[in-house]
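The sequence and the structure come first.

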Amino acid sequence: MPVALAADCEIRTVEGLAGGGALNPIQQALETCDAVQCGMCFPGMVVTLTHLLTTTSGATRDDIRAALTGNICRCTGYERIIDAAMLALAAT
């Protein structure tokens with residue numbers, strides 16, 4: 001995204017998602033489901049899924065797949081990532 005399009009917007013990075021040293025729900029679920037592999041896609045996955053799960057109650061597996069469309073992962077095949085998102089969703 002060109003920086004000009006982000007003017008006057010709130011920007012949250014992956015570093016800002018965990019509070020007080022504790023993982024946020026999606027970070028914890030990704031760890032629980034052993035969805036972390038090489039780490040290249042991980043910040044984008046965490047930010048995207050955190051946004052989805054805080055703005056879409058009752059998200060489905062298809063909603064999660066659609067949200068992750070722009071995040072390319074070569075390691076996991078996405079199923080464990082989707083499982084983790086569903087786990088985090090169930091915990092909220």
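Arg-61 is partly exposed, with 28% of relative accessible area. The model in which this residue is described is a predicted one.

**Arg-61 and its partners**

Arg-61 forms a salt bridge with Glu-79, and the closest N and O atoms of this pair are 2.9 Å apart. Arg-61 belongs to helix α3 (residues 61-67) and Glu-79 to helix α4, so the bridge ties together parts that lie 18 residues apart in sequence. A salt bridge also joins the side chains of Arg-61 and Asp-83, at 3.0 Å from N to O. Here too the pair links distant parts of the chain, with Arg-61 in helix α3 and Asp-83 in helix α4, 22 residues apart. Through salt bridges that share partners, Arg-61, Asp-62, Arg-65, Glu-79 and Asp-83 are joined into one network.

**A bridge from helix α4 to a loop**

The structure holds five salt bridges. One of them is formed by Arg-80 and Asp-34, whose closest N and O atoms are 3.5 Å apart. This pair also links distant parts of the chain: Arg-80 is in helix α4 (residues 79-91), Asp-34 is in the loop between α1 and α2, and 46 residues separate them.

How exposed are the residues in these bridges? Relative accessible areas for Glu-79, Asp-83, Arg-80 and Asp-34 are listed below.

| Residue | Relative accessible area | Class |
|---|---|---|
| Glu-79 | 37% | partly exposed |
| Asp-83 | 34% | partly exposed |
| Arg-80 | 28% | partly exposed |
| Asp-34 | 47% | partly exposed |

The class follows from the cut-offs: a residue counts as partly exposed because its value lies between the 20% under which residues are buried and the 50% over which they are exposed.

**Packing of α1 and α2**

The loop that holds Asp-34 lies between α1 and α2. How do these two helices pack? Helix α1 (residues 25-32) and helix α2 (residues 42-55) meet at an angle of about 125 degrees, and their axes are 9 Å apart. The two helices are therefore oblique to each other. Their crossing is right-handed. On the α1 side the contact is made by Ile-26, Gln-27 and Leu-30, and on the α2 side by Phe-42, Val-46, Leu-49, Thr-50 and Leu-53. Sorted by class, this contact has six nonpolar residues, two polar residues and no charged residues.

Terms used: Residues are numbered from 1 along each chain as its sequence is written. This is a predicted model: local features need pLDDT of at least 70, side-chain atom pairs count only at pLDDT 80 or more; totals for chains, interfaces and linings use all residues. Side-chain values use heavy atoms; hydrogens and water are left out. Axes are lines fitted to C-alpha atoms, for helices over the stretch in contact, and angles run from 0 to 180 degrees between N-to-C directions. Helices (H or I, at least four residues) and strands (E, at least two) are DSSP runs, numbered from the N terminus. Angles under 35 degrees count as roughly parallel, over 145 as roughly antiparallel, 65 to 115 as roughly perpendicular and the rest as oblique. A crossing is left-handed if the near helix is turned anticlockwise from the far one by less than a right angle, and right-handed if clockwise. Contact means heavy atoms within 4.5 Å. Ala, Val, Leu, Ile, Met, Phe, Trp, Tyr, Cys and Pro count as nonpolar, Asp, Glu, Lys and Arg as charged, and the others, Gly among them, as polar. A salt bridge is a side-chain nitrogen of Lys or Arg within 4 Å of a carboxyl oxygen of Asp or Glu. Buried means under 20% relative accessible area, exposed over 50%, partly exposed in between (1.4 Å probe, protein chains only).
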